[in-house]
Amino acid sequence: MALRLPPMPKVSDLLRLYGLTAQKQFSQNFILDLNITDKIAKVSDVFDCYVCEVGAGPGSLTRSILNAGARHVAAVEIDRRFLPSLQLLEDAAKGRMTLHHADIMKFNIPSAFPRASPTGWESGDIPGVRMVGNLPFGVSIPLLLQWLEAIPERSGPFAFGRTPMALVFQKEVAENIVASEGSYNRSRLAVMVQYLCEAKRRYSLPSSVFVPKPKVDASLVVLTPRVTPLIDAPFIVVEQVVKAVFAMRRKFIHTPLKLMFPGKEELVGDLLRLSSVNPEQRAHELAMTEFNSLCSAYLEIARTMDLPLQPMRVNRPAHVTDVLR
């Protein structure tokens, strides 16, 4: 298997040839410098792996992933303007790349890799599958939350096992994702990510490497699903508790937790007593063990009193275009 691509036109030349520019509609910012995309591919550990690239765009990161020795790349791109340039790359890859004109939020990832072998979740091994992408900033969080929900279900990319994700986020979002317990940067997103994944910020990307140049810097974050989640509760319950706690992050948690009990706010006292969590803490001060206790306590109260597991509405966009409207 030839690991390097044959000589090809520069990505910037292809953009000029096809008259392509980034569109705000799709929240696009490209990285055209192959030295940068080569580093992303190296950190993403794609050698001999099946790689789903999220938002291939003009194909610069796709080239780097192929040149880094990926076994096969499923390049998913919703913007049809980039299909001709990506088809050139697909032809040059000689069977190691498949182009998918699709919405990643609806794309069936396991179907793209029929030859990939799953690994046992509890074995501690990592499968030979990777999720890699320079995510459109405007859609990165909804996409991430969708994949997080798939982890306990072991569906989507996690049908193969504990599939790592190497994703580019805005710097502030990346800082929130990796924020430690007690840090004021600690957010709802940090808890949702870290209870399911080990999160590491691996590579900083200044705004100057993007075309067009955004107003903010970015970071590459690598997320690896844990063998055992740090919170022992259904995803929908964790999501509800964490959403409630962070709804009023400057207030002590006993106030926002009332959102869990519409019309029955007095049950907050029972929740806090049953969980043994100090009510005079703010959201960012809670340890993961305390979130675990709150979730377990809410489950017990909900089952005893026949309360809904989702008392608060959660917006779940089904398409990338739903997010970017």
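Analyst: A residue counts as buried when its relative accessible area is under 20%. The structure discussed here is a predicted model.

User: Why is E77 called buried?

Analyst: The relative accessibility of E77 is 5%, and the cut-off is under 20%; therefore E77 counts as buried. E77 is placed in strand β3, which covers residues 72–77.

User: Which residues does E77 touch, not counting residues up to four places away in sequence?

Analyst: E77 touches Q28, G55, A56, G57, F82, L86, H100, H101 and A102.

User: What makes the pair of E77 and D79 a polar contact?

Analyst: A polar atom of the E77 side chain lies 2.9 Å from the backbone nitrogen of D79.

User: Is I31 buried or exposed, and why?

Analyst: I31 has 4% relative accessibility, and therefore counts as buried under the 20% limit. I31 belongs to strand β1, residues 30–31. Leaving aside neighbours within four places in sequence, its contacts include I36, T37, I40 and N134.

User: How do you know that UniProt lists I31 and E77 for "binding site"?

Analyst: The unreviewed UniProt entry lists N29, I31, G55, E77, D103 and N134 under that term.

User: Why are C49 and C52 called buried?

Analyst: C49 has 5% relative accessibility and C52 has 0%. Each value is set against the limit of under 20%, so C49 counts as buried and C52 counts as buried.

User: How many disulfides does a search of the whole structure find?

Analyst: The search finds 0 disulfides.

Conventions:
Residues numbered from 1 in each chain as written. Predicted model: local features only at pLDDT ≥ 70, side-chain atom pairs only at ≥ 80, totals over all residues. Heavy atoms only, no water. UniProt positions renumbered as here; feature names shortened; annotations may be inferred. Helix = DSSP H or I, 4+ residues; strand = E, 2+ residues; numbered from the N terminus. Buried < 20%, exposed > 50% of the residue type's maximum accessible area, 1.4 Å probe, protein only. Contact = heavy atoms within 4.5 Å. Polar contact = N/O pair within 3.5 Å; in protein donor to acceptor, adjacent residues only side chain to side chain. Disulfide = S-S within 2.5 Å.
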